[in-house]
Amino acid sequence: MESLCRNSTHSSEVSKGLGRMFYLVNPQDTVFETQKEVPNFYVQSWPYFFTFLILEHIILKLQGKKGIRLNDGITSISNGLLLETGRLLWRGGEAYLYTWIYTNWRLLELPWDSTVTWLLAAVGVDFFYYWMHRACHEVHVLWAHHQVHHTSEDFNMGVGIRQSVLQGWCGFIFYLPLALAIPPAQFLVHHQFSYLYMFWIHTETIKSLGPLEYILNTPSHHRIHHGSNPYCIDVNYGGVLILWDKLFGTFRAEQEEDRIVYGLIYQQPSFNPLHLQTYYTRYVMQKYKSFDSWKHKLQAVLDRPSWKPGNTIRFRDMEEDPAIHAQVKYNVILPKWCTAYLLTHYGLILYGFHQLFLYNSELPTTTVAILVLYIFASLIIFGMILDASPKAPFYEALRCLSLVLVVKLVVPLSSSLELLYVLSGVFWLSYVGAYSEIKGLKLD
Ligand SMILES: [Zn+2]
Ligand SMILES: [Zn+2]
């Protein structure tokens with residue numbers, strides 16, 4: 001009897017979790033009085049992310065298409081993990097200003113447990129998401145962060161996880177008007193639901209959602225948003241509703257003859273999440289420094305990414321260069337043993353992240369910081385292995401041995417895990433000693 005009850009509670013939790021992926025939730029199940037009570041729905045949804053990714057891969061294969069590429073998929077997951085691991089350190093600090101404005105300056109006193117407040121918050125968050133997203137594409141310094149989400153040359157649900165680590169800090173400014181009325185807990189709930197909804201719309205497996213295409217942002221609309229063809233630039237910024245694009249003149253429907261080339265106009269040949277997260281900021285700084293006048297310096301940072309002195313042509317107004325369709329996707333084919341090694345160690349880091357997410361509040365801050373840094377470093381070094389970087393063997397040896405020499409001091413390790421890391425470290429040291437590199441076949 002008890003196990004029957006447990007099973008039905010479990011299946012109801014699973015169906016609620018699944019519903020959240022599509023914004024199908026009972027408002028009264030997701031109203032909270034304080035921010036502290038709001039669950040981390042986003043990280044709780046990682047099992048759904050993985051399930052959806054596997055299903056999408058299978059469907060793509062059944063449709064006769066190429067499935068999700070392992071290196072590109074891992075890069076997407078690594079960028080998402082970087083963001084979520086970082087959040088364990090700054091613990092929602094980016095929302096502090098929102099709470100401060102609500103506490104001191106709110107104009108309306110909306111009841112936190114009312115369905116009307118819930119609906120207003122849903123529409124409000126989506127409206128400001130539109131403007132935040134639009135600014136991320138049209139203001140150079142914001143694009144420096146948001147472009148991470150557009151770095152994949154593929155279009156699959158992994159891209160939904162591929163997010164900028166720092167965009168949250170800049171993006172929050174756009175939501176601040178909501179703090180004049182919407183309670184912080186309601187805001188946090190809908191901010192997460194909005195990102196959960198946007199996970200599954202990154203797919204080529206769903207052609208059309210019929211009449212829902214008129215009001216909702218769908219895979220079809222979002223495919224256009226991720227294209228690098230001129231007709232795909234600066235359109236379909238909506239989060240959950242596509243109505244905002246129709247209202248503000250940025251909507252473009254997918255056409256039968258469209259041949260979308262996904263990714264950036266100037267593609268980045270790398271699977272290293274650190275490179276993808278930072279290279280564009282360096283470019284914006286270079287552009288800023290290259291001008292002498294303050295007016296031009298400011299424009300280099302705050303104007304459109306395509307801005308140059310005297311140039312008024314936007315990327316979207318340019319003629320499509322036919323060469324865009326002959327572009328070869330960046331790819332590195334690793335030896336099979338290396339892929340198996342990478343998957344084993346990636347799985348261990350995923351497990352470590354899961355444990356850290358569950359128990360971080362019980363651990364001292366220094367321990368959390370050390371583990372966060374270890375996960376950060378691991379994800380970056382995995383990216384170097386995927387790129388077959390000549391420096392990867394050295395850093396991987398250092399990573400493996402530092403687990404048994406440093407990380408072991410703050411968290412207990414099983415002896416089998418310790419042995420695996422020692423053996424892995426010694427293996428890579430012998431690689432370094434022999435001046436060997438990973439024999440990856442690069443295509444770009
Ligand atoms: Zn975008
Ligand atoms: Zn997207």
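Modeller: Let's start with what the record says: an unreviewed UniProt entry annotates residues 339-417 as "domain: Alkylglycerol monooxygenase C-terminal". Keep in mind that we're looking at a predicted model. In it, that stretch is 76% helix and 0% strand, and its end C-alpha atoms sit 19 Å apart.

Now zoom in on helix H18, which runs over residues 415-433. Its 19 residues reach 27 Å from the first C-alpha to the last, close to the 27 Å you'd expect at 1.5 Å a residue. Which of its residues are buried? They're Tyr-421, Ser-424, Gly-425 and Trp-428. Looking down the axis of H18, you'd find the buried residues within an arc of 100°, so they line one face of the helix. Part of their cover comes from helix H17 (392-405). Just past the end of H18, Tyr-435 takes a positive phi of about 50°.

Let's zoom back out. The protein is split into domain 1 (26-323) and domain 2 (331-443), with their C-alpha centres 29 Å apart. Where they touch, domain 1 puts in 16 residues and domain 2 puts in 19. On the domain 1 side, helices H4 (70-90) and H13 (273-289) each supply at least two residues, and H4 gives the most, with 10. Sorted by class, that side of domain 1 has 10 nonpolar, six polar and no charged residues.

Conventions. Residues numbered from 1 in each chain as written. Chains lettered and ligands numbered in written order. Predicted model: local features only at pLDDT ≥ 70, side-chain atom pairs only at ≥ 80, totals over all residues. Helix = DSSP H or I, 4+ residues; strand = E, 2+ residues; numbered from the N terminus. Expected span 1.5 Å × (residues − 1). Buried ≥ 20, exposed ≤ 12 C-beta atoms within 10 Å, placed from the backbone. Arc of directions from axis to C-beta. Contact = placed C-beta atoms within 7 Å. UniProt positions renumbered as here; feature names shortened; annotations may be inferred. Domains from an automatic or database assignment. Nonpolar A, V, L, I, M, F, W, Y, C, P; charged D, E, K, R; others polar.
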